[in-house]
Structure formats: C-alpha cells, structure tokens
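This briefing is intended to be read beside the sequence and the three-dimensional structure. Please keep both in view while working through the points that follow.

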Amino acid sequence: MYNDKVMEIFQNPKNVGELKGANGIGTVGNEACGDIMKLYIKVDKNEVITNATFKTFGCAAAIVSSSVATEMIKGKKIEEALKLENQQILDYLGGLPDNKIHCSILAKEALEAAVKDYRKRIKKQQKAKTKTGKN
C-alpha cells in the first residue's frame, strides 16, 4: 500500500509533539476518515517559522504528511510557507494511494489554520499594547 519512503518516515517521523512556546496552533480533521492533525508553529518577529511540530491522530499517511509539512516550512517566512501545496508533499513522498491523498491536503489546511491562529494572536497583542499605551 505505501512505498518505502513513506514507511521510513512513518517509522521515524520528525517534529512530533507539542511545541512549547508555539504562537500559532492549527487543528483540522476529516470526520470521514478520522484523521485529526494539530500543527504548532513558532514564528519570530520577522515572520519566519523558526520551528514547527505536530500531533496527529490518524493513519500512516496523515502522520507522514504532517512530518513532511513541518520539515518543508521550517525556516521559511509565513507567506512562503503558505505557498506549500499538497502536491509538493506527495511528490516528496513519491505519492500516496489515491484514498490517502486527502492526508496531504489536511497538512496544508493545518498550516493555514496555524497561521490564522498566529495572526489572531498577534492582532490581540497589538490591541493590548495600544490599550496599555493609551492608559
């Protein structure tokens, strides 16, 4: 079902676990298959993703897609990371079975959700600074 590269990454995924100090967290899921991905990002003041980790409940393809996505976005500015397409994950892996391609899409969606959360937090911090400055 899975190629050797997918199995190697599945057996040795990178960036697994909760990221302490994450300033963006995205959670997505696919009820049809039961895969749930949580992607954590740490973004610096220059909007560079300095670290990324994940926690995924799901099949091998979901875990592998999460691992590969975190590797592909680390060190990139947010806008560049958001250009990540699920096809890039699939190409890196040498493909996934047709019924598992949605896992690579979930990884992209988890990144988008984490960035949305990051931007929401930054906006909230800026509002708090503005209020503090006015008092």
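Ser66 is a residue of helix α2. In this predicted model, Ser66 has a relative accessibility of 2% and therefore counts as buried, the cut-off being under 20%. Leaving aside residues up to four places away in sequence, Ser66 touches Met37, Phe54, Thr56 and Ala107.

- Three strands make up an open sheet, arranged in the order β1-β2-β3 with antiparallel pairing.
- Strands β1 and β3 form the edges, as each of them pairs on one side only.
- Direction ignored, neighbouring strands of the sheet are turned against each other by 15 degrees on average.
- Helix α2 packs on this sheet and touches β2 and β3. The direction of α2 makes about 175 degrees with that of β3.

**Strand pairing and hairpins**

- Strands of a sheet pair through backbone hydrogen bonds, in either a parallel or an antiparallel manner.
- Strand β1 (residues 24–30) and strand β2 (residues 35–43) run antiparallel and are joined by seven bridges.
- Within this pairing, Gly24 has Ile41 of β2 as its bridge partner, while Asn30 is partnered by Asp35 of β2.
- The hairpin of β1 and β2 has four residues between the strands, and Gly34 there adopts a positive phi near 90 degrees.
- Strand β2 is also joined to strand β3 (residues 49–57), by eight bridges, and these two strands run antiparallel.
- Ile41 stands opposite Ala52 of β3; Ile41 is also the bridge partner of Gly24.
- Five residues lie between the strands in the hairpin of β2 and β3, where Glu47 has a positive phi near 65 degrees.

**Positive phi at residues other than glycine**

- Glu47 is located in the loop between β2 and β3. With a relative accessible area of 30%, Glu47 is partly exposed.
- Asn15 likewise is not a glycine, yet has a positive phi of about 65 degrees.
- Asn15 belongs to the loop between α1 (4–11) and β1. At a relative accessible area of 16%, Asn15 is buried.

**Packing of α1 against α2**

- The axes of α1 and α2 come within 9 Å and cross at roughly 80 degrees. The two helices α1 and α2 are therefore roughly perpendicular to each other.
- On the α1 side, the contact involves Val6, Ile9 and Phe10; on the α2 side, these meet Ala60, Ile63, Val64, Ser67 and Val68.
- Classified by type, the residues of the contact of α1 with α2 comprise seven nonpolar, one polar and no charged.

**Packing of α2 against α4**

- Helix α2 (residues 60–73) and helix α4 (residues 86–93) have axes that come within 10 Å and cross at roughly 105 degrees. This angle makes α2 roughly perpendicular to α4, since 65 to 115 degrees counts as such.
- Helix α2 contributes Val64, Ser65, Val68, Ala69 and Met72 to the contact, and helix α4 contributes Gln88, Ile89, Tyr92 and Leu93.
- Seven nonpolar, two polar and no charged residues take part in the contact of α2 with α4.

**The buried face of α4**

- Which residues of α4 are buried? They are Asn86, Ile89, Leu90 and Leu93.
- Viewed down the axis of α4, these buried residues fall within an arc of 100 degrees, so they line one face of the helix.

**The chain as a whole**

- The secondary structure of the chain amounts to five helices and three strands. Along the sequence, these follow the pattern α-β-β-β-α-α-α-α.
- Taken along the principal axes, the C-alpha atoms fill a box of roughly 60 × 30 × 25 Å.
- Of the 135 residues in the chain, 43% are buried.
- Among contacts between residues at least 6 apart in sequence, 62% join residues at least 24 apart.

How values were computed: Residues numbered from 1 in each chain as written. Predicted model: local features only at pLDDT ≥ 70, side-chain atom pairs only at ≥ 80, totals over all residues. Heavy atoms only, no water. Axes fitted to C-alpha atoms, helices over the stretch in contact; angles between N-to-C directions. Parallel < 35°, antiparallel > 145°, perpendicular 65-115°, else oblique. Contact = heavy atoms within 4.5 Å. Nonpolar A, V, L, I, M, F, W, Y, C, P; charged D, E, K, R; others polar. Buried < 20%, exposed > 50% of the residue type's maximum accessible area, 1.4 Å probe, protein only. Arc of directions from axis to C-beta. Pairing = 2+ DSSP bridges.
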